[in-house]
Each structure stands twice: as structure tokens, then as C-alpha cells.
Amino acid sequence: STDVSPAVFERMKKIVINFLQDIDIAETNCPTGARVAVLTYNNEAKSFIRFSDFKKKQLLLKKIEGLGHERSSKKRNISNIMQFVVRNVFKRVRNGALVRKIAVFLANGGSKDKNAIAAAASQFSASDIIPVIISFKDIPEIDQAFKANNEATAKVVVLPRQQQESKKLLHRLFQCTLCFDMCQPHVLCLGDAGISPLPVNLDLAFIVDDLEPMESMYSETVKHFLNSMLNTFLSSAEPKATELHPRVAIVQHSPNHRLRYEKDPYELEFEILDYTTKTLKKRHVQDSASQPAGSTGISNTIEWTLKNYFSNLTDQQTHKVIFTILSGEMNMDDKELLEISHKAKCKDFALLSLVLGKVSNTTILEEFVSFPADQHLVYLDKPLETEVEYAQKFAVT
């Protein structure tokens, strides 16, 4: 970018080469050794080396040594580059229980778009990529974005001017992140225990819309997703315990319920205090969560939930979240959906959505969820295992 001088560029290149000197490079497709990709960037990325280009370390190092500085008039936009790396560079990765994905960004400063950086932080976490940001200048907006996202694995390092101190920081980064051995951690890393999640006073309602128009495989996907969420959020065996922890409910739209019983067409699959153990809640989701038939009424379901569920159980200090699970092909009243969204947001609710299948109107969905949309809205095109895992991690972050 425009503020990177030839001297600064050479310093960045030297850091990369020093890291690679002591790393074994993968010579086959087996999940051993490191595969390396290198990009340069300003406000957009430019590929220099792809993962598949080199299987010999000396050839790789020679190529990097030949990389020259190019003058640029464009300002740095590191959030764009981070999102590009998640979506494109790590698109195809090796499988393996111990395979780790690490993205190292070298910068001469930060970017001002905090929302975009926070969105990138969420995407790193959801994709199981460990981000490492090495900067020669203070980057408080990047540091804050990753901390706010509770991204314990992210490393943000600002190198001091003192060369010896910089070497120590880079050596620690090498031993404790790039080459961390969980079985035999280096003595430098013994104090690097992960940050424990903060206790959260959270009431969370999952609202599941009519799944009938969708293929039956999505019904199983929804159950799998909900079970995963229970595993994540219900850390306490006793929902009535005094310590802070999330409490979870599931509400499902069931229009035929009114026809049969002349009652509201909604089913509270379970309330936050219905079961004393997480296992019983998970069993209920697997065995009892129905696949309702009839017309879509997500806005009415949200309104019913606001009136009949949160109003009685949630106090002023509790974080309130509504997580909707929708069909991308559903017919919805845009006006009603945005009205109930506005009503919930005015009451300090956070609105998130998981959208299954093909989407006909992304604009309305982006307005429906909380801002920024890319941190509160995730699309699941197909019920593939990798996509479901991404949705699960995205929801948690």
C-alpha cells in the first residue's frame, strides 16, 4: 500500500523468510509439513505463490527472495484482504486431525473500517483459521475487533522499534502459534492458556420456520444444528443455577395447530427452564421437534415470542437474542417482517438468521437482521457437513 516503503517491504519479506527457514515444507499431499501461499495487497489481493506451487523449501525461499517492492498509490484495506483469504485462499485444504490453518498478515498499520474487520474476525473463527497480524505500527481497531469477537486464537502483534524485543516477540509467535505442539508445548508457551469465554447473562430463542417447502434433508440439518447449539450454550447442568450462563428456548411455527385446537399456531418446543439437563433438551430436539405444515408466518411467530416468552422471563440486564432459521424460498410479507424486526431491535434484541437453500430476496433478510448483516446472517446453500460446521461456528461467534 501507499505507506509501505522499500525498506519496510524488505523487513516484512525477511520476517516471512525467517519463519520458513525452520518450517518443514510438505513434499506430498499427505497432511504432514506446511503448505505455503503468499499474497501481496493494498486494497485488493494479488496472488504470488499458491499452495500447490512449491514442494521444495529452497525453491520456495528463492521465489520469495525474488519478490520485489512495487510502488502503490492505493491505501491499505486489510479487512477486504482478510475476507478474501477466508473465501478464496483456504477454499481447498487438506484433511487431517492435526492440520491447522493459519493466516499471517504483515502490515504497516491498520484500517478504519471496524465493522468489516469484526466481520472478518467472525469468518476466521467460523472457518477454523488462526489469524496472525504483525504490524510495525499500532493497530488498536484490529486488536479491539478480535477481542470483541472473543477470538482467543487470534494473535495481534505490534513490533517495537528495538530489534532485540522484536526478535523475542517473533520467536514466541513462531513457537507458540505457527509451530505450536499441543502434546509437547515449548516452555515459552506454558502460560498461553486459551481465554475462557466470559460468563454471559443471555436468553436465546431459536425460532424455526415452516420447513415443509424444503427438502426433508434440511429438517435433519436443523436438528443437527440445534443440538450443536445446545452443546455450545448450555454449559450448566442446572438452568436455575445462580451463575451467569446462556438460557435457551426453541419456538416452532405450526399453522395447523390453530386448525385443530383453535389455539395459537406456535409450539414452544421447550422453555429455558423445562429440562434440568442439556441431554434431555438435546433428546427432545432429536425426537420431538416436528416438521410443521402450512403457510409461513415468521413475523407473527417472532411477535408471539416477544409477547409470550421474553416479556415474562427476561430482565433488563439480560442480553436478548432471537435466532431465526428460515427457508430461502419462503414467501414472506416484507413489510411485516421489517416492522417486527424494527420492534425487536428497539427493545434491544439482537436478530440473527440462518437461511437454508436458495435465497430469493437477500436485501430484505439483510435489513431484517441486526447490523452489520454479514455478522448476523449466514446462508447454507446445501446441507453439506462442512457448511453446517461453518454455520455452527458462525452462530457462536
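Of the 397 residues of the protein chain, 45% count as buried, where buried means under 20% relative accessible area, exposed over 50%, and partly exposed in between, with a 1.4 Å probe and protein chains only. The model is predicted, so local features need pLDDT of at least 70 and side-chain atom pairs count only at pLDDT 80 or more, while totals for chains, interfaces and linings use all residues. Residues are numbered from 1 along each chain as its sequence is written, and side-chain values use heavy atoms, with hydrogens and water left out. The protein chain holds 13 helices and 11 strands; helices (H or I, at least four residues) and strands (E, at least two) are DSSP runs, numbered from the N terminus. With contact defined as heavy atoms within 4.5 Å, residues 24 or more positions apart account for 71% of the contacts in the protein chain that have a separation of 6 or more.

Three strands form an open sheet in the order 3-4-5, with parallel pairing. Strand 3 and strand 5 (155-158) are the edge strands, each pairing on one side only; two strands pair if DSSP finds at least two bridges between them. On average, neighbouring strands of this sheet are turned by 15° against each other, direction ignored. Axes are lines fitted to C-alpha atoms, for helices over the stretch in contact, and angles run from 0 to 180 degrees between N-to-C directions. Strand 3 and strand 4 pair in the parallel sense over seven bridges. Within strand 4, I130 is the bridge partner of I102, and I133 stands opposite F105. Strand 4 and strand 5 are paired, also in the parallel sense, over four bridges, and V158 of strand 5 is the bridge partner of S135.

Strand 4 is largely enclosed by the rest of the structure, because seven of its seven residues are buried. Both of its faces are covered, with I129, P131, I133 and S135 buried on one side and I130, V132 and I134 buried on the other. Strand 3, helix 4 (residues 114-126) and strand 4 make a right-handed β-α-β unit. A crossover is right-handed if, with the strands pointing away from the viewer, the path from the first strand over the helix to the second runs clockwise.

Helix 3 (residues 78-89) lies across strand 3 and strand 4, running at about 160° to strand 3. Its buried residues are I78, S79, I81, M82, Q83, V85, V86 and V89. These buried residues pack against strand 1 (38-41), strand 2 (45-49), strand 3, helix 4, strand 4 and helix 5 (140-148).

Helix 1 (residues 6-21) has 16 residues, which at 1.5 Å a residue should span 22 Å; the end C-alpha atoms are 22 Å apart, in agreement. The expected span of a helix is 1.5 Å times one less than its number of residues. In helix 1, V8, F9, M12, K13, I15, I17, F19 and L20 are buried. The buried residues of helix 1 pack against helix 2 (57-65), strand 3 (101-107), strand 4 (129-135) and helix 6 (163-178).

In soluble globular proteins, nonpolar side chains tend to be buried together. A nonpolar core is taken here as a set of buried Ala, Val, Leu, Ile, Met, Phe, Trp, Tyr and Cys residues joined through side-chain atoms within 4.5 Å. The largest such core has 27 residues, and those with the most contacts inside it are I15, F19, L20, L60, I64, I134 and L159. Helix 1, helix 2, strand 4 and helix 6 each supply at least two residues of this core, and the largest share, seven residues, comes from helix 1. Not counting residues up to four places away in sequence, I64 touches K13, V16, I17, L20, V38, F48 and I49.

Two further buried positions were examined. Q175 lies in helix 6 and is buried, with a relative accessible area of 19%. Leaving aside neighbours within four places in sequence, Q175 is in contact with F180, H186, L188 and C189. Q175 and V187 are 12 residues apart in sequence and 9.2 Å apart in space, C-alpha to C-alpha. P372 is found in the loop between helix 12 (362-368) and strand 11 (377-380), and counts as buried at 11% relative accessibility. Between P372 and A119 the sequence separation is 253 residues, whereas their C-alpha atoms are 8.1 Å apart in space.
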